[in-house]
Amino acid sequence: NLYGLWEHRVVLTEGSTTINGPHQGGYVETPDGQGWFIHFQERQAHGRIVHLEPVRWQDGWPLIGDLIRGTTTGEPVRFGPIPNDARPASSTRPRTSDDFTGAQLRPQWEWNHNPDDAHWSLTARSGFLRLIPMPAQSLLDARNTLTEMMQDDSFQFTARIDVSGMKPGVHAGLAMFESDASGLEIAQDGGGQRVSYFHLQDRMPGPLLDAGVVQLRVVVHDATARYLVSLDDGHSFQPLGAATEIHASWWKGPRPALFAYTTADTLPGFVDFDWAHYEAIGTNPW
């Protein structure tokens, strides 16, 4: 009867794991009848992390994850099989890097705002992502901001950028995008282009560029970001700016980001991103 009587029991809890919550989710079945429960946990700077739990049924109740001894309550599994119908295999990682050689952006990318398709292109220069900056007062307002999710506790994210077509008033570079955004940006400084570290409105000037190409890198470990710049096309990297804590915001973790915007009323030119490479780091990088 819709109005009861009802019974209830706890079927999934944190138990002996470090998977807090577990938070809301949903039950699904594959075509061959396998049961699965999808839910998330809150992982501080990494935002909401999605988990997949196996489900089996007993006496009309779902048994989720690994059963806690002597109970009918489950706790999240650390490892396990994937659904029989799933492709590709579980050892395949989500895409993270992009050389911008395809006809479309790879599926890991997410525009922070609805993009203006007249202001970005993969065909204007073959093998490059071209961003044409649009007016904004800050990075948080900029529409041409391309982001992807962190896939690891520790990683480095590096972008090769050609700024030879950039005009005064433009800010372009690499960031960890969140409400307290930080990163490296290139902007016109007197007679040249200078790389600076930024954290919200704070700026720390770095070197002037000798050429139109620069590589920018962020290394993330233990919820801390450190930024580096290479003026010799990747042969050596020098740190710039302070070690910066990253935080979850907007119900998600900070995201490695590529951006270009302008604070000027004049023509902004363009910024060409040659590639963006993401690499997981298995041990403490510092």
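Modeller: Happy to! Let's begin with Pro 22, which lies in the segment before β1; strands here are DSSP runs of E with at least two residues, numbered from the N terminus. This is a predicted model, in which local features need pLDDT of at least 70 and side-chain atom pairs count only at pLDDT 80 or more, while totals for chains, interfaces and linings use all residues. Residues are numbered from 1 along each chain as its sequence is written, and side-chain values use heavy atoms, with hydrogens and water left out.

The peptide bond leading from Gly 21 into Pro 22 is cis, with omega near -20°. Leu 5 also sits in the segment before β1 (25–29), and the bond from Gly 4 to Leu 5 is cis too, with omega near 10°.

Leu 52 belongs to strand β3 (residues 48–58) and is partly exposed, at a relative accessible area of 35%. Buried means under 20%, exposed over 50%, and partly exposed in between, using a 1.4 Å probe and protein chains only.

Now for the charged pairs. Side chains of opposite charge can pair when their charged atoms come close. A salt bridge is counted when a side-chain nitrogen of Lys or Arg is within 4 Å of a carboxyl oxygen of Asp or Glu, and by this rule there are twelve. One of them links Arg 48 and Glu 42, at 3.6 Å from N to O. Arg 48 is partly exposed at 32%, and Glu 42 is partly exposed at 27%.

Asp 98 pairs with Arg 106, with the closest N and O atoms 3.9 Å apart. Here Asp 98 is buried, at 3%, whereas Arg 106 is partly exposed, at 31%.

Another salt bridge brings Arg 203 to Glu 185, with a closest N to O distance of 2.9 Å. Arg 203 lies in strand β16 (residues 202–208) and Glu 185 in strand β14 (residues 182–189), so the pair ties together parts that are 18 residues apart in sequence. Arg 203 is partly exposed at 38%, while Glu 185 is buried at 5%. Shared partners also join Arg 125, Arg 130, Asp 162 and Asp 272 into one network of salt bridges.

Last, back to the backbone, at two tryptophans. Trp 250, in the loop between β20 (244–245) and β21 (255–262), has a positive phi of about 55° although it is not a glycine. Trp 250 is partly exposed, with a relative accessible area of 40%. Trp 251 is in the loop between β20 and β21 as well, and has a positive phi of about 65° without being a glycine. Trp 251 counts as exposed, at 70%.

Terms used. Helix = DSSP H or I, 4+ residues; strand = E, 2+ residues; numbered from the N terminus.
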